[in-house]
Amino acid sequence: MFCQVIDHLGDIGVCLRLARSLQALGDWDLHIFCNQADKARLLIDPQVDRVDWHAWPTDEAYLQHVPEVILCAFGCDLPLGVRRQLELQRKNPALPKTLWIHLDYLSAEPWVEDFHGLSSYKPDGLIQQFYFPGFGEKTGGLPGDPPSLLPSNQAQTSALRVFAYVYKHAPLMTWLHALNLPIDLLTTEDLANHWQTARPTTCVTTTSCEQHDEVGQARIQFKTLAPCTQIAWDHTMLSCELLFVRGEDSWVQAMRSGIPWLWQPYPQELATMRAKLQSLLNIMSEQLRKYPHWPLWRDAQLAWGLGEEPDLKDFTNLCLELGSWQAMARAWAAYCNRLPRLDQGLCHMIDKHRSALNAYNVRLC
Amino acid sequence: MKIAQEIRTGNVIMMGKDPMVVLRAEYNKSGRNAAVVKMKLKNLLNNSGTETVFKADEKMEVLVLEKKEVTYSYFADPMYVFMDAEYNQFEVEADSMGDALNYLDDAMPCEVIFYNGRAISVELPTGLVREVEYTEPAVRGDTSGKVMKPARVKPTGFEVQVPAFVEIGDKIEIDTRTGEYRNRVK
């Protein structure tokens, strides 16, 4: 797998999770090449993750062995040397051909079904298979894996446990203050610092890791998350009662968990984000329209995802009916966990490639 | 060289040693500002068809082919017939018309593209004005242009997403590269 870290570790998180589940499905010799391998290694739990991590190869470098499968996560380009190796391999009929996969981002949009599985013919004669994860039966399946067991809610406190891993421009404080509830906010250090720096000067700061923000109606206690393994990250996230997530990896795990969540897509043109959100909400509506509080979740998700003015009264009502929101989140999680899976879909594609190769070799003999 | 997102219906790209005419190009945004383009192609040497996909920023060689300004004349199944200013007629197979069929109108000006002396496809102007034949009435109150609804346009019945304020009989400009509404024409 080749993966380039763009802003944080979400992309590499998807790769690590995929590697873990592929290894559970078969006997793989898996290597991940990452442009920030040292940072990415922080996510690894050596007890669980049996993956070899490598620095991004230079353009002059060749791999010791051309692998059977190359997966370019999120459409990253191959290093030039590796690309040259594939070209040389193509020109030699005696060599087995590598299955070269472009793995794209998850999207709920309907066009994904039409694009998934198509071949991309390169000017140099190489062929790349495009793989689109998604929610439909004809897509490449949903990434992530169902959480095996949710950690018990740490209910020593009556405060609402909120997890936030969002882009900095998200107006989280406005939304949380509207709740008028005591809140334990679990978030990364840089986000906690950002919100605490941005708040009005009348606030009181107590300690560096547990700070009380007295502004607004909610009493928010920040609890910062130190850099940790992906498994520890999941554990923390899933111990919360309300999840504000972003990107892909945390979003998928939130959807699969059955815990109420709101998702912030990667910032793009407003029309693009609207199309992605609306497609997701259309699918969710089919599953959740029987729930009386579904319109509140739907509208909150749309406003949160697009950064639009929220109806905070409706959002407050939704949070006050947390049991109802949990029921919807569980129903959606059950639906997601029944969908085809990315790891299984990839294995199927690879099996087909192997069968074709075997047939080719038999013909050669 | 062009990048994939610049490729239009009627362009001819080289795929290995094969010239391929683009019958349809569909562009979509994936994630993190990345985009992909799906193309329906026809091999000009053996007429075989294929569907393929590219990253929007992938470079590809585009053949510069002879073009001639023509107007659409008539349909003689399975050929669409075009005529130039000297009354020469050129036939293009229905299968090679691609998205142009969505906009075809009597005497419509366009360009026929030739490969080895054979008319292989047509290229339309990037913007065309069409009259709305049918669309649902607008819901009162929303004039933002954000809420879209389907509209059927004359004369082909092609369906375009238009803002809620567009009404039957309005003339709208359509981007023929994307099939999207551009603006209402007074």
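Which loop of chain A holds A:Asn180? Select the stretch between α5 (172-177) and β9 (182-188) of chain A, and you will find A:Asn180 in the loop there. Before going further, keep in mind that this is a predicted model. Now check the backbone: phi of A:Asn180 sits near 55°, a positive value in a residue other than glycine. Is A:Asn180 buried or partly exposed? It has 14 other C-beta atoms within 10 Å, so A:Asn180 is partly exposed.

Stay in chain A and jump to A:Phe74. Its phi is also near 55°, again a positive value in a residue other than glycine. A:Phe74 belongs to the loop between β4 (69-73) and α3 (80-91) of chain A. What about its surroundings? A:Phe74 counts as buried because it has 22 C-beta neighbours inside 10 Å, and the cut-off for buried is 20 or more.

Next, bring up the contact between the chains. It takes 18 residues from chain A and 19 residues from chain B. On the chain B side, select β2 (12-15), β3 (18-29), β4 (35-43) and β5 (49-55): each of them supplies at least two residues of the side that touches chain A. Which strand gives the largest share of that side? That is β5(B), with five residues.

Now hide chain A and look at chain B by itself. Its secondary structure comes to 17 strands and zero helices. Along the principal axes, the C-alpha atoms of chain B fill a box of roughly 55 × 45 × 25 Å. For 186 residues, a compact globule would have a radius of gyration near 16 Å, and the 18 Å of chain B agrees with that. Of those 186 residues, 30% count as buried.

The assignment gives domain 1 (2-63), domain 2 (66-123) and domain 3 (127-185). How far apart are the C-alpha centres of domain 2 and domain 3 of chain B? They lie 26 Å apart. The contact between these two takes six residues from domain 2 of chain B and seven residues from domain 3 of chain B. On the domain 2 side, the residues divide into three nonpolar, one polar and two charged.

Then pick out the open sheet of five strands in chain B, ordered β15-β14-β13-β16-β17, with antiparallel pairing. Its edge strands are β15 and β17 (180-185) of chain B, each pairing on one side only. Neighbouring strands of this sheet are turned by 55° against each other on average, direction ignored. Zoom in on β14(B) and β15(B), which run antiparallel and are joined by five bridges. Show side chains here and look for B:Arg152, which stands opposite B:Glu159 in β15(B).

Last stop: two cis peptide bonds. One joins B:Lys154 and B:Pro155, with omega about -5°; B:Pro155 is found in the loop between β14 (148-153) and β15 (159-163) of chain B. Another joins B:Asp77 and B:Pro78, where omega is about 5°. To get there, select the loop between β8 (66-76) and β9 (79-83) of chain B, where B:Pro78 lies.

Note on methods:
Residues are numbered from 1 along each chain as its sequence is written. Chains are lettered from A and ligands numbered from 1 in the order in which they are written. This is a predicted model: local features need pLDDT of at least 70, side-chain atom pairs count only at pLDDT 80 or more; totals for chains, interfaces and linings use all residues. Helices (H or I, at least four residues) and strands (E, at least two) are DSSP runs, numbered from the N terminus. A residue is buried if 20 or more other C-beta atoms lie within 10 Å of its own, exposed if 12 or fewer, and partly exposed in between; C-beta atoms are placed from the backbone. The radius of gyration is taken over C-alpha atoms; the globule rule is 2.2 Å times the number of residues to the power 0.38. Domain bounds come from an automatic or database domain assignment. Ala, Val, Leu, Ile, Met, Phe, Trp, Tyr, Cys and Pro count as nonpolar, Asp, Glu, Lys and Arg as charged, and the others, Gly among them, as polar. Two strands pair if DSSP finds at least two bridges between them. Axes are lines fitted to C-alpha atoms, for helices over the stretch in contact, and angles run from 0 to 180 degrees between N-to-C directions.
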